[in-house]
Amino acid sequence: MNYEKHLRTELLPTLLRYQQTVLQEAIDTWQTITKEFCLRTSFCTEPFQVIHNRLIESVEAIKSEMEYEDFINKNKSKPIPSIDFHYDESLLNNYNGKLKADQISVDEFTIDTVKERIDDIQKKMTQVQLSIQEKDMQVGQFQVEVSEIKTTPALGSAAMVKKRAVDILRREREELACQELRLKSQLDLLMKPLSAVGSDIPRGLDLEIGTNGDMPHCKDEDIMDFTMISKIAARHFVDKIKSPFLKKQATTIQQSKDLQECINSNNLFEDSTNNGQQPYSRMIVNPNVSLQDEDWFHGVLPREVTSKSGAILQNPIFRERWELNNNDVQLVEKIGRGNFGDVYRAILHPQKMEVAVKTCRVSLPDDHKKKFLQEGRILKQYDHPNIVKFIGICVQKQPIMIVMELVSGGSLLAFLRSQGPRLSTKQLLNMCIDSAAGMAYLESKNCIHRDLAARNCLVGHNNIVKISEIPIKWTAPEALNFGKYTSMCVVWSYGILAWEIFSMGASPYCGMSNSRARELIDTGYRLPSPEQTPQAVHELMLRCWEYNPDKRPNFQQIHSVLVNISKSL
């Protein structure tokens with residue numbers, strides 16, 4: 001009893017007082033620490049004010065335009081020396097004609113082409129000068145906006161954007177100025193010899209004969225194979241060559257008869273020194289037949305030359321039908337941008353057919369231009385209703401162009417986002433069938449499409465889908481992990497394409513980084529079924545997303561499954 005009384009009256013109260021003392025000491029300690037913290041972090045203390053003022057001075061001393069000045073001055077490269085071009089006069093060492101070094105020859109053969117080229121350059125210069133004026137106006141407008149924004153500190157980020165836009169406009173303006181100087185140099189180079197010609201246009205060939213039909217005096221060993229009659233025929237023949245098609249010649253009936261007689265008579269082209277060899281004639285003049293009606297049209301001669309000549313090659317080297325003339329492509333408006341340059345809606349003459357034209361930027365490196373041409377060579381091998389049709393390629397001058405059929409509906413991705421809610425499940429399924437048919441065709445040609453996605457498919461008449469041209473997070477895991485790219489990788493991408501179609505153009509793996517999407521795929525995550533997607537279609541998507549490529553279906557199997565699903569709807 002005494003023990004219990006002592007416990008309750010002495011020991012327990014003592015323990016309580018001890019615990020209370022410990023807690024009070026802890027509170028006192030924290031109070032001391034908090035006071036010291038408040039003292040040291042007070043904005044009103046003199047040391048803090050000194051430090052704060054130093055920070056302000058340091059921040060204000062930052063000048064962005066001078067931040068890298070020392071680094072640039074130390075590491076900048078030396079200016080590129082200018083290149084001086086000279087004509088190699090040794091090329092004319094054994095030449096006795098009228099051509100002169102470093103000069104453009106203007107005569108009856110070249111004067112029309114020179115004039116056309118001058119007109120073309122002047123038009124281009126006008127366009128470039130207008131573009132320069134437009135850039136100058138835009139730069140001035142942006143500079144005014146930047147100066148106004150600087151007075152409002154809250155809009156500092158907007159000023160940075162505007163300044164960047166000014167720099168881009170200035171760069172584009174300098175590119176145009178460089179182009180203007182190049183065109184001006186070309187114009188001066190052509191105008192100088194043209195202005196020196198005057199009204200008396202020199203002849204292209206020296207075929208002069210005496211007024212009495214006598215040959216000019218020369219040594220026997222210097223006499224050419226041409227006889228006097230041959231020279232008469234040749235001079236008339238030159239007139240025929242330089243005259244345009246379907247134009248009446250300003251020659252007399254007698255001259256035409258003489259010319260026809262000279263050309264048709266083999267005996268007139270042979271003499272005692274010819275030893276019975278074949279006549280000199282290698283060309284047939286037929287002014288009554290249109291150039292486009294000739295079988296040898298698309299031969300080796302450019303159109304701008306043959307359209308003004310009266311000559312037809314008997315044994316031409318045929319040009320491929322897909323080798324188009326740059327001048328026949330009339331660019332109308334820019335409709336997009338590709339990997340190599342801008343894409344335009346254009347008119348192809350003389351058919352006056354609307355086409356789509358991919359251009360290759362002139363500033364691209366040569367290896368990029370080779371890849372661009374490689375795309376054209378690949379496209380011309382394929383012909384399928386669900387593949388955008390290749391029409392031709394233009395390589396005669398810059399920019400290089402690939403001409404293709406114009407698919408009016410635009411990209412499948414944009415079409416789905418704007419028109420998707422109006423489409424039925426049957427129509428969406430037909431889009432999947434179209435794209436599967438096109439990919440099955442490419443698969444049969446051993447072609448691996450490395451960029452299959454809704455943004456690279458086009459929509460044509462009656463919502464037909466055509467394959468035209470894959471971000472890394474949509475790519476099959478074996479291609480990401482091991483760099484192994486096969487047709488089964490494209491099957492994975494096709495599953496994503498089908499998902500895009502039924503999700504009305506939604507973004508796969510939305511909100512995920514590339515690495516996060518890759519991690520989820522490796523752990524077995526697959527995209528959920530979009531609304532209104534038939535169960536059989538989603539099951540096909542999951543088959544396309546099998547981690548093991550050998551378990552995925554090929555495109556022929558995919559197409560067959562989709563057709564069967566369509567029949568059951």
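This is a predicted model: local features need pLDDT of at least 70, side-chain atom pairs count only at pLDDT 80 or more; totals for chains, interfaces and linings use all residues.
Trainee: What share of the residues count as buried?
Mentor: The protein has 569 residues. To count as buried, a residue must have under 20% relative accessible area. The share that does so is 31%.

Trainee: What part of the accessible surface belongs to carbon and sulfur atoms?
Mentor: The accessible surface of the protein comes to about 37,900 Å². Carbon and sulfur atoms hold a part of that area. Their part is 54%.

Trainee: How many disulfides does the structure hold?
Mentor: A disulfide is a covalent bond between the sulfur atoms of two cysteines. In the model, a pair of cysteine sulfur atoms must lie within 2.5 Å to count. The number of disulfides in the structure is zero.

Trainee: Is C489 buried or exposed?
Mentor: Take C44 first. It has 73% relative accessibility, and exposed means over 50%, so C44 counts as exposed. C489 has a relative accessible area of 1%. Buried means under 20%, so C489 is buried.

Trainee: Which residues form a nonpolar patch on the surface with L15?
Mentor: L15 lies in helix α1, residues 2-40. Its relative accessible area is 48%, so L15 is partly exposed. The patch has about 270 Å² of accessible area together.

Trainee: Which residues touch the most other members in the largest nonpolar core?
Mentor: This core has 48 residues. Those that touch the most other members are L412, Y494, I501, I558 and L562.

Trainee: Which element gives the most to this core?
Mentor: Several elements give two or more residues to the core. Among them are α10 (412-419), α11 (425-444), α13 (487-502) and α16 (555-568). Strands β8 (457-459) and β9 (465-467) are also included. With 11 residues, the element that gives the most is α13.

Trainee: Which residues is I501 in contact with, leaving aside its neighbours within four places in sequence?
Mentor: I501 is one of the residues that touch the most other core members. Leave aside its neighbours within four places in sequence. The contacts of I501 are then L412, L416, L428, M431 and C432.

Trainee: How many residues are in the other core?
Mentor: Another core lies apart from the largest one. Among its members are V114, I132, L176 and V197. Its residue count is 14.

Trainee: Is N456 buried or exposed?
Mentor: N456 lies in the loop between α11 and β8. Leaving aside neighbours within four places in sequence, N456 is in contact with D451, I467, S468 and E469. Its relative accessibility is 10%, and the cut-off is under 20%, so N456 counts as buried.

Trainee: Where is P350, the proline with a cis peptide bond from H349?
Mentor: Most peptide bonds are trans. The bond from H349 to P350 is cis, with omega near 5°. P350 has its place in the loop between β4 (342-348) and β5 (353-359).

Trainee: What is omega for the cis bond from Q398 to P399?
Mentor: P399 is found in the loop between β6 (390-394) and β7 (401-405). The peptide bond from Q398 to P399 is cis. Its omega is near -5°.

Trainee: What phi does M504 have?
Mentor: Most residues other than glycine have a negative phi. M504 lies in the loop between α13 and α14. M504 is not a glycine, yet its phi is positive, about 60°.

Trainee: What phi does Q532 have?
Mentor: Q532 is found in the loop between α14 and α15. At 56% relative accessibility, Q532 counts as exposed. Q532 is not a glycine, but its phi is positive, about 65°.

Trainee: Which residues is T533 in contact with, leaving aside its neighbours within four places in sequence?
Mentor: T533 is in the loop between α14 and α15. T533 is buried, with a relative accessible area of 12%. Beyond the sequence neighbours within four places, T533 is in contact with F502, H538 and M541.

Methods:
Residues are numbered from 1 along each chain as its sequence is written. Side-chain values use heavy atoms; hydrogens and water are left out. Patches are made of residues with over 30% relative accessible area and no salt bridge: like charges are joined within 9 Å, nonpolar side chains (Val, Leu, Ile, Met, Phe, Trp, Tyr) within 5 Å. Accessible areas come from the Shrake-Rupley method with a 1.4 Å probe; for residues, only the protein chains shown count as cover. A salt bridge is a side-chain nitrogen of Lys or Arg within 4 Å of a carboxyl oxygen of Asp or Glu. Helices (H or I, at least four residues) and strands (E, at least two) are DSSP runs, numbered from the N terminus. Buried means under 20% relative accessible area, exposed over 50%, partly exposed in between (1.4 Å probe, protein chains only). A nonpolar core is a set of buried Ala, Val, Leu, Ile, Met, Phe, Trp, Tyr and Cys residues joined through side-chain atoms within 4.5 Å. Contact means heavy atoms within 4.5 Å.
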